[in-house]
Amino acid sequence: MNISRRKLIVSGFAATAGASGLAAAARLAQKYGLIPPDHGGIYGPGETLTYATQRLLTRHSLAREFSRSQISPRPFPNELAPPTEEFKRHQAAGFSDWRLAVDGMVHQPASFSIADLKSFPSRTHITELTCEEGWSYIAEWIGVPLSHVLNLAGVHPEARYVVYVSMEPDSFDSIDMADALHPQTFLCYGMNGSDLPVPHGGPLRMRLPRQIGYKNLKFITRLTVTDTMKKFGNGCGCVSCEYGYAWYTGI
């Protein structure tokens, strides 16, 4: 999409929202295939307008990166549920048998250990994790770009989302392909020069510096590539949506 067309579309969103309301803006978003999974309900038109406008304006933008001197001295890990017996077994074994499954709309379903992921080209960025509860911290995050793992599996061209599932019971989230293939989106296994601590989601969490905290799910064990969210939960894209949070939470 060229710049003039992008400006025209964004102007259309703004004018439509002002003149005819959010429902009309949602119809315009539909025309360009920019409808989020949580587009239903009373807040759906607003979620659609937010997502569509953000995608048109910031699809390739980068989250702010910080200097090493700005790393927070005591990053807050947030509350964790008591570990399950299965997690305790993994932890006792140094997570040597932890696996990340990749399935769905891929040519080569796969399963990777933490050692496998560490053998892939690694990346780091020093970015801020911002929580919807009002706290934040800056850390150095180390991992493999999600795009690298998806390229190894071979994503079908019609895929629209990547669903990521946590070992925590009934916990999953999802992102669109723009975020999945973004260079700052990591499968994160390290933090501040060491392995990712368990309170921060170790051995593996999703790291999305362009999205708010709850999208950065901890204890990842599965990636499923799909063209629809209807098969997952209530179809709105994440467990958090079922409790009133938005699926798309761009910063």
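**Entry 1: His-90**

I looked up the contacts of His-90 first, taking contact to mean heavy atoms within 4.5 Å. Leaving aside neighbours within four places in sequence, I found His-90 in contact with Phe-95, Asp-97, Trp-98 and Met-167. This is a predicted model, in which local features need pLDDT of at least 70 and side-chain atom pairs count only at pLDDT 80 or more, while totals for chains, interfaces and linings use all residues. Residues are numbered from 1 along each chain as its sequence is written, and side-chain values use heavy atoms, with hydrogens and water left out.

His-90 sits in helix α4, residues 85-92. Helices (H or I, at least four residues) and strands (E, at least two) are DSSP runs numbered from the N terminus. Is His-90 buried or exposed? With a relative accessibility of 11%, His-90 counts as buried. My cut-offs: buried is under 20% relative accessible area, exposed is over 50%, and partly exposed is in between (1.4 Å probe, protein chains only).

**Entry 2: the sheet**

Next I traced an open sheet of 5 strands, in the order β2-β1-β10-β5-β6 and with mixed pairing. Its edge strands, each pairing on one side only, are β2 (110-113) and β6 (172-176). On average, neighbouring strands here are turned by 20° against each other, direction ignored. Two strands pair if DSSP finds at least two bridges between them. For β1 (residues 99-104) and β10 (residues 220-226) I noted 4 bridges in the parallel sense, and Gly-104 stands opposite Val-225 in β10.

Helix α6 (residues 146-153) packs on this sheet, touching β1, β2, β5 (161-166), β6 and β10. The direction of α6 makes about 60° with that of β10; axes are lines fitted to C-alpha atoms, for helices over the stretch in contact, and angles run from 0 to 180 degrees between N-to-C directions.

**Entry 3: salt bridges**

How many salt bridges does the structure hold? I have 8 on my list, a salt bridge being a side-chain nitrogen of Lys or Arg within 4 Å of a carboxyl oxygen of Asp or Glu.

Glu-140 and Arg-68 meet through their side chains at 3.1 Å, N to O. Glu-140 belongs to strand β4 (residues 136-145) and Arg-68 to the loop between α3 (44-58) and α4, so the pair ties together parts 72 residues apart in sequence. Glu-140 is buried at 9% relative accessibility, whereas Arg-68 is exposed at 54%.

I then checked Arg-222 and Asp-103, whose salt bridge is 2.4 Å, N to O. Arg-222 lies in β10 and Asp-103 in β1, so this pair joins parts 119 residues apart in sequence. Arg-222 is partly exposed at 34%, and Asp-103 is partly exposed at 21%.

One more entry for the list: salt bridges that share partners join Arg-55, Asp-176, Asp-179 and Arg-210 into one network.

**Entry 4: nonpolar cores**

By nonpolar core I mean a set of buried Ala, Val, Leu, Ile, Met, Phe, Trp, Tyr and Cys residues joined through side-chain atoms within 4.5 Å. The largest has 35 residues, and Leu-117, Val-149, Leu-187, Leu-204 and Leu-223 have the most contacts inside it. Which element gives the largest share of this core? That is α6, with 4 residues.
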